[in-house]
Amino acid sequence: MGVQKDRVRFNVGGRIFETTATTLAIAGRNSLFGAMFDENWDLHPDAAAVTTTTEHFIDRNPDCFAVLLDLLRTGELYIPSNIPEKLLYREALFYGLLDHVRAAKWGPFDGNMLHFSRSVAGRAPGDGTAIRAGPDGGCCVAHGSMVHVYDWMMEEHPPLNLDYQRVNDAVWVDSESIVMSACERLGRDDGGMGLFSASTGELRHKFHVRHDDQVKSYSGGALSFNSDYKLFSSCKGRSNEYGIGVWDQVSGKQVDFFYEPFGWSLGEADKLQWLHGTNCLLVATLFPRKDNCYISLLDFRDKNNMVWAWSDVGAPATDERRVRDAIAMEECNSVCVVNEYEDLGFMDLRRAAGSVRWSSRSRLMKGKMPDEPCYPKLALHQGQLYSSMNDCISVFCGADWVLTSRLRNSYGGSICDFSIGGDRLFALHSEENVFDIWETRPLPIM
């Protein structure tokens, strides 16, 4: 590519910028600049026919363009104090460079390198009950009958509601779509589940349960989905629709239903988790929803076979053994559980369900006990295990899950839920209507 052919000049809001096609190619094919060039990153014939002094006019903010052009040249993001971050993000979205800005703003996600970024005050009455991180770094927060959605810039979008019933769970199926489940009201065809637009709040379709060729009212519970566009939910109805329902998340049609076996509690499950490697679904009903805990793996390929199951029925009824949360760790072939005292327990999936191997060495010296302590929650992300307890989140690493760091912000009280996504960790506090944002700072470029 010749020097003259490679040079490109822009007039952005009255300021002149000169760069090269080589630099602009870093923006990628999906950017605004990608549309100006052919597949070899040569200017299209109508643009290349003119001299290199031709200016391509763009009626946008020149200060932001300078920052974004410097990002393409250096890989570093420097935002001068006179430019509001939200203004830069808006301009990056216009040019198709938002992914580049995200990559430069955050370093590789590491629980031991997270830094507190900021707290966001909730804009709804009452305390939040659940928070879910979006794939692009935004999040949604459940408040009673509403789900409030925030994009990556922490701008709030129109809220979601499913017939104004209490929300039980929410899940991002992609960066633009959220499914939420809610309770039904007796005698009303409401509740259940709905798929919403994350940006507009529009209800795209509801997910119905059919039994004996009739649509049944039901309460939707815990949610999960897989890469084949299947959506799973625990269901509690008034006929025989107690169990785990399966829908096509694109069309909304019911494709399967795992009916609750006698003595097992699937319809009231607190947590569902799809295991990609085994094509199984983890279903966990936890204390105190039930006096006893039930954890199972369902294989829908083999006539809805329950391939692994564990329950604490018959175990000593001691508080320190009551399971509060559970998570499957496929790489370790195990299920991790946590109790009220943040003891971690492990069960081997390769063996018939037996006793839990508890590990008290993971316990932390706790901080101040909040007035309203919350039950601990678990998450697994990029080989690190996370557990919330009171007002902090613990990070465990290595084959023996050694405690390596702790995240705590003094404002907000106990943590009732947390979630990881888009290279951010969000922590929702129960005593104040606020959630924290934790990010990994990018490594310095030497």
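**Group meeting: a walk through the model**

Hi everyone, let's start at a loop: Ser-227 sits between strand S15 (218–225) and strand S16 (230–237). Please keep in mind that this is a predicted model. Is Ser-227 buried or exposed? Its relative accessibility is 55%, and the cut-off for exposed is over 50%, so Ser-227 counts as exposed. Along the chain, Ser-227 and Trp-274 are 47 residues apart, yet their C-alpha atoms are separated by 9.4 Å.

Now let me zoom out for a moment. The protein has 6 helices and 33 strands. Of its 446 residues, 51% are buried. If you take contacts between residues at least 6 apart in sequence, 49% of them join residues at least 24 apart. The accessible surface is about 20,800 Å², and carbon and sulfur atoms account for 50% of that.

On to the inside. The largest nonpolar core contains 30 residues, and Phe-10, Phe-33, Phe-65, Tyr-95 and Leu-97 have the most contacts within it. At least two residues each come from strand S1 (7–12), helix H2 (21–25), helix H4 (62–74), helix H5 (85–95) and helix H6 (98–105). H4 gives the largest share, with 7 residues. If you click on Phe-10, you'll find that, leaving aside residues up to four places away in sequence, its contacts include Phe-33, Phe-65, Leu-24, Met-36 and Ile-58. Arg-15 and His-56 are also among the residues that Phe-10 touches. Apart from this core there is another one, with 17 residues, including Leu-275, Ala-284, Trp-310 and Ala-328.

Next stop, Asp-169, in strand S9 (residues 167–174). Why does Asp-169 count as buried? Because its relative accessibility is 8%, and buried means under 20%. What does the side chain of Asp-169 reach at 2.8 Å? That would be the backbone nitrogen of Leu-223. Not counting residues up to four places away in sequence, Asp-169 also touches Gly-221 and Ala-222, along with Arg-132, Val-179, Met-180 and Ser-181.

Finally, the cysteines. A disulfide is a covalent bond between the sulfur atoms of two cysteines. How many disulfides does a search of the whole structure find? The count is 0. As for where individual cysteines sit, Cys-280 has 5% relative accessibility and so counts as buried. Cys-397 has a relative accessible area of 17%, and because the limit for buried is under 20%, Cys-397 is buried too.

That's the tour, so over to you for questions!

Conventions
Residues numbered from 1 in each chain as written. Predicted model: local features only at pLDDT ≥ 70, side-chain atom pairs only at ≥ 80, totals over all residues. Heavy atoms only, no water. Helix = DSSP H or I, 4+ residues; strand = E, 2+ residues; numbered from the N terminus. Buried < 20%, exposed > 50% of the residue type's maximum accessible area, 1.4 Å probe, protein only. Contact = heavy atoms within 4.5 Å. Areas by Shrake-Rupley, 256 points an atom, 1.4 Å probe, with all protein chains shown as cover. Core = buried A, V, L, I, M, F, W, Y, C linked by side-chain atoms within 4.5 Å. Disulfide = S-S within 2.5 Å. Polar contact = N/O pair within 3.5 Å; in protein donor to acceptor, adjacent residues only side chain to side chain.
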